[in-house]
Amino acid sequence: MNAIQPSDPSLWKIVRPATFIFGATAVLYLTGYIGGFDWLRSHSLMLGALSEWTPSLAQGFLLDIWLTIASGMIGTVLGVIIGYGSLSKSEYLRRVIWLCIQFLRNTPGLVFLFAVAFATPYQFDIGGTTIPFPPEAKVIFCFSLKISANIAEIVRGAVNATPVGQWEAGITIGLSRFKIFRLIILPQCLPRMVPPWMNIMALFFSVVPIASLIGIEDAVTYAGLAISSEDTSTLIMPFYLYVLTWFFATAYILQEATRFLEKRNEEKTS
Amino acid sequence: MDLLEQIGTLGGFNYTIVYDSFDRARFIRGIGFTVSLSLACMVTSIVGGLVLALLYHVRGRPTKMLIEFFVSVFRNTPPLVQIYFFFFGLGTFFAQTFGGGFVVSATAWAMVSLTLFIGALNTECFRAGVQAVPEGYLEGAKALGLRPWVIIWKIVIPLAVRAALPSLTNNLVELIKATSYGYAIAVPEILYVSHQIWADELNVIEMMSALFVTYFLLIGGLIYLMRTLEQRMTLPGYGSN
């Protein structure tokens, strides 16, 4: 069974379905572009409209990706800090952090987003300087908090799975608690934490479109705009299907990459 | 000023849901709606997920691929867009194809789409549960001459459900949180109702806190119930303690 393979096929396996979907989209778009919208429109209303609206949808979709990445980065840093705090020796601190994590994880993202969007000001005036707080920043604020709670749980789980001897060894060479965490524990946990981390990112990538409900112009907003301006109800289904396909293609890569890493971790440990 | 109004306006806040009977009735109806929507979707998504997970293990390769496709599509796309697709897309499509008489409410479409979304998550977790059933048990059951459906009903399902309970809890929490997407298509659940109230009374912060508390209690209650169920269903000789 162990035939030697010329190259590592796993990466291609991950990317293949996505390239197919993106390729089909590109062909659709290019034929619409080269052939001229009018020509396509007369032959196929649906393809013409879809290709015509593709740039706007792509713009909104990129905003979705950007919001996910930005809040993911902030949320990860914050989550590691909160995760470290949830391992604190002080019982009081642990309880407070536990409550915060539960609160952030167990309330709907939409309600949290509304609370941030409607109950915080547009700008802060601190000592004469005005700091603007635009909707995009509010979305990133909201999602980075929600992501951080999930990351904190991952960090806590991973740290609890490392042998206590690691901590004890760190103490014997005179490291502080934070230094043990940062230099000894965290590097060991990293491979185990990456797959669930990617799961969280994929999860929030599919939650970010709710930002369209507070007026962010993301892919869903543009889909709605496209539908209302094309003014035929036959286009509603294709447009939403089109947006779904984009999200699916992107999240599918993440899912397959996560599975690949999980499998590799299992092989390493066994 | 009666007592309720004093309580509702305590500390400069304006909790109209405490003293205004109209707002209170609306809010309570919203809670009832969220709860019943969640319960209905729980039943359908658990049954559907279990059936698909069993089919995945019993049936041949095409069924397997179809189920895998279903699961990865619904897991990897935004639930909000799914709801839009079902309500605006399929809703208008059906209405056009079957004439004006074919009208399905936003609530029904929300139920369909949430069932499929959470059903996909449940399929995944039950599938892992079915996989966790030891091979030896099945062989033993076969050796006793049990019929296939008896094996499934008496051995596979009880063990698979037990193994799947922790991740099932997560999915059901996800479901309660996802019912708030019904807001986008005007399903009169608690978020939509609260939006109406704060639009009327201009008490955003009060309604937000009420929403947080309500969701926190609903989800906390669910988690507590599921933990209790988990403890009740623990098999002797299994688990950590």
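The model is predicted: local features need pLDDT of at least 70, side-chain atom pairs count only at pLDDT 80 or more, and totals for chains, interfaces and linings use all residues. Residues are numbered from 1 along each chain as its sequence is written, and chains are lettered from A and ligands numbered from 1 in the order in which they are written.

I begin with the interface. Chain A gives 30 residues to the contact and chain B gives 32 residues, where contact requires C-beta atoms, placed from the backbone, within 7 Å. On the side of chain A that touches chain B, the elements giving two or more residues are α5 (109–119) and α10 (236–269) of chain A. Of these, α10(A) supplies the largest share, 11 residues. Helices here are DSSP runs (H or I, at least four residues), numbered from the N terminus. By class, this side of chain A has 24 nonpolar, 6 polar and no charged residues. Nonpolar means Ala, Val, Leu, Ile, Met, Phe, Trp, Tyr, Cys and Pro; charged means Asp, Glu, Lys and Arg; the others, Gly among them, are polar.

Next, helix α7 of chain A, residues 164–172, is hardly covered, with 0 buried residues among its 9 (buried: 20 or more other C-beta atoms within 10 Å of the residue's own). After α7(A) comes G174(A), with a positive phi near 80°.

Finally, in chain B, the axes of α3 (residues 21–58) and α6 (residues 106–131) come within 6 Å and cross at roughly 45°.

Conventions:
Contact = placed C-beta atoms within 7 Å. Buried ≥ 20, exposed ≤ 12 C-beta atoms within 10 Å, placed from the backbone. Axes fitted to C-alpha atoms, helices over the stretch in contact; angles between N-to-C directions.
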